[in-house]
Amino acid sequence: MALTVWDYLPVIFSGITNTLILTLAGVGLGFALGIPMAFAEVLGPRPVQLAIRWVGRVIRGIPLLVLLFIIFFGFPNIGITLPPIPSAILAIGIRSAAYQAQLFRGAVEGVGYGQLEAALSIGLTRWGAFRHVILPQALRLAIPGWVNEFTIVLKDTSLAYAIGVTEVFTQAVHVAQVILDYLTPLLVVAAIYFTITFTASRLAESVYRRVSVPGLGGGAAL
Amino acid sequence: MIDDILYIVERYWPLLLEGLKNTIIITAASYSIGVALGLSLALLRSYGPKALAAAVTAYVEAFRGTPMLVQLFIVYYSLPAFGIVLDPLTAAIVAIGLNSGAYQSEYFRGALAAIPRGQWEAALSIGLRKWAAVRYVILPQAWRVALPALTNELIYLLKYSSIAYFVTVPELVFMGKYIGSRTYMYLQVYTVITVIYVTLALTISEGMSRLERRLSVPGVSITGRGQ
Amino acid sequence: MTVVLKVEDLWKSYKKNEVLRGVTFSVNEGETKVIIGPSGTGKSTLLRCINLLVRPDKGRIFLDGEEITRPGINEARVRSRIGFVFQHFNLFLHLTALENVMLGLTKVKGMPKEKAEEAAKKALLSVGITEDLWHKYPAQLSGGQKQRVAIARAIAMNPRLILFDEPTSALDPELIGEVLKVMEKLAKEGMTMLVVTHEIGFAMKVADEVMFMDGGRIIERGPPQEVILRPKNERTRRFLSRIWELYDLGVRG
């Protein structure tokens with residue numbers, strides 16, 4: 001009797017760990033690089049602002065698959081050889097940084113110049129105004145964008161299939177090739193992605209509600 | 001490094017050009033499908049009968065909640081079991097187009113919702129019927145509002161057309177891999193390819209922002225979204 | 001009499017647009033001066049220069065005899081001594097009414113929390129914001145309430161001078177009165193104030209001097225009875241006749 005997809009479910013599920021590792025490490029690296037980028041772009045001297053804006057633009061113009069290949073296949077040309085998982089994390093993290101920087105910069109700008117003026121007018125320094133007035137509002141404004149970024153990164157970890165990372169999509173394809181049925185394993189893996197994105201959005205929504213302030217996020221108009 | 005890059009361009013430019021052609025075909029074709037599908041779905045979801053709207057919602061959530069790569073594999077590898085065999089290029093265009101339709105319907109829906117109620121009331125008050133009001137009053141405003149998101153979507157698709165590599169369409173990434181395997185100069189090849197993608201993306205974004213300026217109407221605000 | 005604020009030959013232009021063209025005046029302790037004039041004639045820029053939010057191209061500004069336009073001045077310290085009330089309130093959206101007033105006290109003046117809270121409550125009460133509103137966020141307040149909280153935020157810092165930038169222009173007509181009443185009370189209590197406004201009724205009643213600005217200059221100045229009721233300058237007359245028209249139509253109840 002031929003084995004069916006149900007016998008192979010544990011194989012597919014075993015890939016979830018790597019998928020989550022790639023997602024969390026990728027978003028984390030993106031945050032660690034993206035926030036300083038955003039700061040420098042908002043507060044830095046003019047040449048730094050311009051340089052960072054262009055770095056961001058260029059990175060956002062490159063397909064993730066190309067970044068992945070540059071790091072995994074290209075870096076050995078200059079003597080840097082990374083295993084598949086670190087390669088994937090680095091590629092995902094660099095790209096995510098460019099998006100998170102943009103996201104956070106947008107949130108800072110969304111807070112508005114009037115808030116900065118008011119903060120300065122009571123005698124706060126520029127840094128004090130940023131720390132006590134702009135930042136607490138910007139972080140709240142950025143939450144929905146971050147959730148969105150998380151789900152984008154989660155889905156894009158499937159591209160790591162190209163360099164042989166055994167994440168959940170890779171496992172599903174391998175199972176499909178063994179049982180010679182593509183549809184069922186692919187639907188299973190689709191359901192897994194869907195469940196994670198769905199849960200993450202719900203979770204984030206409750207966090208968002210908890211930190212929301214009337215008139216600032218939480219869906220209410222500014 | 002510079003010499004290697006020049007060598008690659010000189011030696012392999014016909015392949016790169018062929019790859020670029022396929023990349024552009026996939027992007028343009030799937031984007032067109034996405035616009036048509038997205039607009040129809042948004043109109044159905046906003047103004048159509050309830051049951052249909054629910055079906056559209058399910059479609060949109062399913063496509064947005066799963067990776068494009070999974071969708072591509074379903075189209076290419078599992079449709080043949082149902083007698084639908086698509087060549088790689090067509091499969092890529094269909095899968096990416098269906099995916100983009102889901103996203104674009106959200107952009108259009110947001111834009112439709114952004115048109116103030118008063119516009120509706122005014123349209124109906126002069127005797128326009130529902131669809132005529134949509135056609136002559138709501139849509140002309142809504143698509144201007146949606147334009148920045150639609151620009152982003154085009155750039156997004158340009159980059160995601162690269163997943164056609166997985167089903168062996170000879171687009172840019174595929175050609176890069178091929179040239180790399182022949183020359184072992186992966187970094188150099190992908191540097192060239194990066195330049196091509198970035199140039200295309202910047203050109204699109206410049207062209208579209210010019211279009212936006214030309215089409216902008218005072219008071220019909222165009223508010224970009226974060227990404 | 002002590003001069004609190006002295007503005008000397010102030011010039012400012014944006015690109016080719018000259019917004020301020022040699023503005024000179026001073027405000028004495030306890031005085032309320034009102035600036036009137038058409039929109040876009042530099043009134044708002046003038047206030048922003050005084051609060052160092054905008055750098056003038058030329059000219060000097062003195063606060064209590066100290067030049068605050070000199071390079072290297074501690075801008076934050078100057079601003080903490082000058083209150084600013086904005087047209088669009090600019091309350092901190094993530095903070096409650098009470099926290100809005102407390103922020104400057106704790107973070108700028110370094111007051112301990114309990115003391116700051118006490119001072120903030122006192123300031124809020126003085127503008128008629130009662131306990132039931134202290135823990136509301138800006139979005140939950142009416143326009144008039146927002147502007148009174150903003151005034152409390154300025155008062156609480158115990159400033160030498162408060163600048164008002166069209167404080168009632170963004171308010172619904174029925175809410176203007178409550179804000180003007182608070183400002184009138186402040187003036188009576190001896191606060192030094194510089195007010196940009198179109199409310200000539202307020203100017204008549206409260207101002208020690210009215211200055212009419214047009215084209216980046218002060219064109220006419222004097223006691224309110226003279227400038228408002230018997231303007232000498234043709235442009236002042238034209239501007240005021242338009243304002244009076246609004247009064248007669250009952251737009252400003």
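This is a predicted model: local features need pLDDT of at least 70, side-chain atom pairs count only at pLDDT 80 or more; totals for chains, interfaces and linings use all residues.
## Chain B as a whole

Chain B contains eight helices and zero strands, and its pattern, read along the sequence, is accordingly written α-α-α-α-α-α-α-α. Taken along the principal axes, a box of roughly 70 × 45 × 25 Å holds the C-alpha atoms of chain B.

Of the 227 residues in chain B, 42% are buried. When the contacts in chain B with a separation of 6 or more are considered, 77% of them are accounted for by residues 24 or more positions apart.

## Two helix pairs around H4 of chain B

Two packed helices are described by the angle between their axes and the distance between the axes. The crossing of H1(B) and H4(B) is right-handed, and the residues of the contact comprise 16 nonpolar, ten polar and two charged.

The axes of helix H4 (residues 88-114) of chain B and helix H6 (residues 130-160) of chain B come within 8 Å, with a crossing angle of roughly 150 degrees, and H4(B) and H6(B) are therefore roughly antiparallel to each other. Here too the crossing is right-handed, as H4(B) passes H6(B). Among the residues that H4(B) brings to this contact are Ile96(B), Tyr103(B), Tyr107(B), Phe108(B) and Leu112(B), while those from H6(B) include Ile138(B), Trp143(B), Val145(B), Leu150(B), Glu153(B) and Leu157(B). By class, the contact of H4(B) with H6(B) has 16 nonpolar, two polar and one charged residue.

## Which chains touch

Two pairs of chains touch, and of these the pair formed by chains A and B has the most contacts. Chain A is also in contact with chain C, through 21 residues of chain A and 23 residues of chain C. Chain B and chain C, by contrast, do not touch, their nearest C-alpha atoms being 20 Å apart.

## The two sides of chain A

The contact between chains A and B takes 33 residues from chain A and 31 residues from chain B. On the side of chain A, the elements that give two or more residues are helix H3 (46-60), helix H4 (64-74), helix H5 (84-111), helix H7 (126-156), helix H8 (168-179) and helix H9 (183-211), and the largest share, eight residues, comes from H9(A). This side of chain A divides by class into 23 nonpolar, eight polar and two charged residues.

On the side of chain A that touches chain C, helix H6 (113-121) and H7 of chain A each supply at least two residues. The classes on that side are ten nonpolar, nine polar and two charged.

## Helix H9 of chain A

The 29 residues of H9(A) should span 42 Å at 1.5 Å a residue, and the end C-alpha atoms of H9(A) are 42 Å apart, which agrees with that expectation. The buried residues in H9(A) are Pro185(A), Leu186(A), Val188(A), Val189(A), Ala190(A), Ile192(A), Tyr193(A), Ile196(A) and Thr197(A).

## Individual residues of chain C

Leu52(C) has a positive phi of about 60 degrees although it is not a glycine, and it is placed in the loop between helix H1 (43-50) and strand S4 (58-63) of chain C. With 21 other C-beta atoms within 10 Å, Leu52(C) is buried. Asp64(C), likewise not a glycine, has a positive phi of about 50 degrees and lies in the loop between S4 and strand S5 (66-67) of chain C; Asp64(C) counts as partly exposed, because 14 C-beta neighbours are found inside 10 Å.

Tyr247(C) belongs to helix H9 (residues 234-248) of chain C and counts as exposed, having 12 C-beta neighbours inside 10 Å. Although Tyr247(C) and Ile200(C) are 47 residues apart along the chain, their C-alpha atoms are separated by 9.6 Å.

Notes. Residues are numbered from 1 along each chain as its sequence is written. Chains are lettered from A and ligands numbered from 1 in the order in which they are written. Two residues are in contact if their C-beta atoms, placed from the backbone, lie within 7 Å. Axes are lines fitted to C-alpha atoms, for helices over the stretch in contact, and angles run from 0 to 180 degrees between N-to-C directions. Helices (H or I, at least four residues) and strands (E, at least two) are DSSP runs, numbered from the N terminus. Angles under 35 degrees count as roughly parallel, over 145 as roughly antiparallel, 65 to 115 as roughly perpendicular and the rest as oblique. A crossing is left-handed if the near helix is turned anticlockwise from the far one by less than a right angle, and right-handed if clockwise. Ala, Val, Leu, Ile, Met, Phe, Trp, Tyr, Cys and Pro count as nonpolar, Asp, Glu, Lys and Arg as charged, and the others, Gly among them, as polar. The expected span of a helix is 1.5 Å times one less than its number of residues. A residue is buried if 20 or more other C-beta atoms lie within 10 Å of its own, exposed if 12 or fewer, and partly exposed in between; C-beta atoms are placed from the backbone.
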